[in-house]
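Keep the sequence and the coordinates open as you read.

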Amino acid sequence: MILSLIKKEILLEFRQKSTIGGVLVYVIGTIFVSALCFKGRLDKPTWNALFWVITLYTSVTISGKSFLKETGGQALYNYLHYSPTQFIISKTIYNMVFMLALSFITFFFYAFFIKNEVENLGLFFVVLTLASTGLAAILSLMSAIASKANGNFAIMSILSFPVLMPLILVVIRISKQAVDGIEWAGVGFNFIGILVALNVLTIALSFLLFPYLWRD
Amino acid sequence: MKNWYKILSVIFILYTLVWGLLNPVPRLDILNETIRNVYYHVPIWFAMLFMMTVSLIQSILALTKNNLDNDTKAFNAALVGFFFSLPGLTTGSIWAKYTWGTWWTFQDPKLNGVAISILIYLAYFILRYSVDDEMKRARISAVYNVFAFVMMNVFIMVLPRLTDSLHPGNGGNPAFSQYDMDNNMRMVFYPAVLGWIFFSFWLYNIKNRISFIKNKLND
């Protein structure tokens, strides 16, 4: 059931080529604008901060839409055919996959247009993976809440920015280590532990809380 | 005696206001007399955390029992907690000016955590005002409240313990840890904590009564 829901999401996304193309153009446009603004004069902390700010805004913009189309008749259909836990898990998994792909694409274009400052690429990819899954998990639940609250975009960002902050601060800290090229022995593994824990915690909370958002 | 906590809160707060300024305190580097801020700044934060916890419990009850009264209580507790965060910030900021030399710093995880939790509760209030239907509002805001409370605790409790904080007691700064706070200070600190918590609970009850009367008048 979960698989069929994920398949439905992917089919819908690729059928509507405007969304997926729009996302790509949005990311590349943002990066290009930043590249022109900074003109390559970035030091490492700025490079790191700018990358995560871009990723944060992209993920909020993208994930904000994930529940907005589930309104009216569509919502009623879902309500009759699926259980809430199946629904939120499939949404979260789909968003995670989407965010993963997107953040790697973002990194590619960011490294291409601005420059690649990362010295410990392996660690950076670990962080990037955990960050995108965490972002996707939190934003899926926030998007579900926002879609119930008349679903305007301002509500989505107001709700998500503060709850994303713990994740983003931890991510920025480890990512800084990756950018500075710290050897694996010196890496703050307790921070990676927190990232994993935040992922698990968010999924568990969505699992518990989403059924209450389900009914209208 | 159902008003015992109100009487105790008045007595305790008056006592800490007077005796907190008069009693002898240990001389610690940097802190000196400013250590007395422990009697005001810290208990106010405890009161805020207490109110946030009440808000969480009421939100969970609102979800499980599907009851509008619990939702009103959760909102009022969040409101009182938010109200307590303002003197908490002010006392902390003034103290920081004289010991750290700045009103605000981004170096300290506790300060960031507080700023984020204030943002979270502002978001909670905005979410409530953006939904008109009462039952729907109760459910949606309760879900956000539970989620936000967990995230806030990750921020306030966990992150500061993993990095050095500028706060006394953390990262080798002199402080009121169990070794530095002598018995004279404990005599003021514990009543202060209880006094402010009782006071917040009193405010919360008054807010609840006002809300319930308003609801009755509207019906």
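Start at A:Gln177, which lies in helix H7 (residues 153–180) of chain A. Helices here are DSSP runs of H or I with at least four residues, strands are runs of E with at least two, and both are numbered from the N terminus. The model is predicted, so local features need pLDDT of at least 70 and side-chain atom pairs count only at pLDDT 80 or more, while totals for chains, interfaces and linings use all residues. Residues are numbered from 1 along each chain as its sequence is written, and chains are lettered from A and ligands numbered from 1 in the order in which they are written.

Is A:Gln177 buried or exposed? A:Gln177 counts as buried, because it has 20 C-beta neighbours inside 10 Å. The rule is simple: 20 or more other C-beta atoms within 10 Å means buried, 12 or fewer means exposed, and in between means partly exposed, with C-beta atoms placed from the backbone. Beyond four places in sequence, A:Gln177 is in contact with A:Leu123, A:Ile182, A:Val187 and A:Gly188. A contact requires C-beta atoms, placed from the backbone, within 7 Å. A:Gln177 and A:Gly188 sit 11 residues apart in sequence, and their C-alpha atoms are 8.3 Å apart.

Now take chain A as a whole. It has eight helices and zero strands. Of its 216 residues, 42% count as buried. The C-alpha trace spans about 55 × 35 × 30 Å along its principal axes. Among contacts in chain A with a separation of 6 or more, 85% join residues 24 or more positions apart.

Helix H3 (residues 44–63) of chain A is worth a stop. Its 20 residues reach 28 Å from first C-alpha to last, close to the 28 Å expected at 1.5 Å a residue. The expected span is 1.5 Å times one less than the number of residues. The buried residues of H3(A) include A:Trp47, A:Phe51 and A:Ile54. The buried residues of H3(A) pack against helix H2 (17–38), helix H5 (84–113), H6 and H7 of chain A.

Chain B is built from six helices and zero strands. Buried residues make up 42% of its 219 residues. In chain B, 73% of the contacts with a separation of 6 or more join residues 24 or more positions apart. Helix H4 (residues 109–129) of chain B has 21 residues, which should span 30 Å at 1.5 Å a residue; its end C-alpha atoms are 30 Å apart, so the two agree. Among the buried residues of H4(B) are B:Pro109, B:Tyr121 and B:Leu127.

How do the chains meet? The contact takes 21 residues from chain A and 24 residues from chain B. On the side of chain A that touches chain B, H6, H7 and helix H8 (189–214) each supply at least two residues. That side divides into 18 nonpolar, two polar and one charged. Here Ala, Val, Leu, Ile, Met, Phe, Trp, Tyr, Cys and Pro count as nonpolar, Asp, Glu, Lys and Arg as charged, and the others, Gly among them, as polar.

Finish in the core. In the largest nonpolar core, of 115 residues, A:Ile145 and B:Met51 touch the most other members. Helix H6 (residues 121–148) of chain A gives the most to this core, with 16 residues. Such a core is a set of buried Ala, Val, Leu, Ile, Met, Phe, Trp, Tyr and Cys residues joined through C-beta atoms within 7 Å.

Key
Contact = placed C-beta atoms within 7 Å.
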